[in-house]
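User: Hey, I've got this one open on my screen. Can you walk me through it?
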Amino acid sequence: MVIVSDAAIDPYQLLANYEAQLSARGSVGAAAHFIGLMREFNEGDDVVGMTLEQYPEMTRRALDKLRLSLIDDFELNDALIVHRVGALQITDPIVVVGCWSAHRKAAFEACRAAMERLKSDVPLWKKETLADGSTRWVEQNTPGY
Amino acid sequence: MIEVKFLARLKEEIGQDSMEIAARDGMTIADIKQQFFSDAQFQLPILQALNHEFCDETTAVSDGDIVAFFPPVTGG
């Protein structure tokens with residue numbers, strides 16, 4: 001499942017609910033989860049808020065495509081991707097990825113791949129508000145790998 | 001007509017989020033890009049999509065298409 005939400009999300013509730021309804025749960029031996037959170041600094045500056053812009057007609061489609069590529073490439077039982085858009089505050093969850101597979105290697109690697117692919121293949125853009133009230137578009141993702 | 005959309009920073013720099021242009025025979029994404037982004041102020045790489053799928057500049061466009069231009073993505 002893919003969810004694009006303009007409201008605050010509870011990653012743990014989303015993951016628990018999704019896992020509870022997985023089909024053939026007995027064949028799932030591994031679950032890997034990633035949660036991206038909004039931090040209070042970027043590129044040496046204090047950040048107090050952020051807006052995530054999407055291209056609505058394309059973002060959802062790109063996330064669906066990404067999810068299916070993960071399931072195919074890593075032979076996952078299932079995958080969940082949730083991404084926030086709109087206004088976010090410090091500590092808010094930005095993105096949630098859940099990958100379920102028979103064995104841990106696939107779940108771990110798919111979770112990692114989800115984030116790397118998301119950062120290049122999905123039309124989303126961050127605009128930060130700094131402590132002095134100014135705003136700026138984030139021009140590139142931090143390496144962070 | 002071709003609908004041209006501008007996202008994120010480009011929407012602010014162009015001053016509107018979309019406009020329509022007339023389609024021409026043999027038109028490509030690069031032709032449209034040149035029309036809007038030849039100014040030196042557009043220094044960042046500009047990506048593009050045709051009908052909601054990423055594409056490259058050599059992609060042909062035709063009447064009824066939706067073309068979008070945007071900066072490198074920064075989600076996640």
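Analyst: Helices (H or I, at least four residues) and strands (E, at least two) are DSSP runs, numbered from the N terminus. This is a predicted model, where local features need pLDDT of at least 70, side-chain atom pairs count only at pLDDT 80 or more, and totals for chains, interfaces and linings use all residues. Residues are numbered from 1 along each chain as its sequence is written, chains are lettered from A and ligands numbered from 1 in the order in which they are written, and side-chain values use heavy atoms, with hydrogens and water left out.

User: OK, chain B. How many bridges join strand S3 to strand S5 there?
Analyst: Four, and the two strands, S3 (residues 47-50) and S5 (residues 66-70) of chain B, run antiparallel. Within that pair, B:Gln48 stands opposite B:Phe69 in S5(B).

User: What's the strand order in the open sheet of chain B?
Analyst: S2-S1-S5-S3-S4, five strands with mixed pairing. Strands S2 (18-21) and S4 (53-54) of chain B are at the edges with a single partner strand each, so one side of each has no neighbour in the sheet.

User: And chain A, which strands form the open sheet there?
Analyst: Four of them, in the order S1-S5-S7-S2 of chain A, again with mixed pairing. S1 (2-5) and S2 (30-37) of chain A are the edge strands. S2(A) pairs with S7(A) in the antiparallel sense over eight bridges, and A:His33 has A:Gly98 in S7(A) as its bridge partner.

User: Switching topic: how many residues does each chain put into the contact?
Analyst: Chain A gives 27 residues and chain B gives 21, with contact meaning heavy atoms within 4.5 Å. The area buried between chain A and chain B is about 2,000 Å², 54% of it from carbon and sulfur atoms. Buried area is the accessible area (1.4 Å probe) that two parts lose on being put together, summed over both.

User: How many salt bridges between chain A and chain B?
Analyst: Six, counting a side-chain nitrogen of Lys or Arg within 4 Å of a carboxyl oxygen of Asp or Glu. One salt bridge links A:Glu139 and B:Arg9, whose closest N and O atoms are 2.7 Å apart.

User: Which element gives the most to chain A's side?
Analyst: H3(A), with five residues on the side of chain A that touches chain B.

Methods
Two strands pair if DSSP finds at least two bridges between them.
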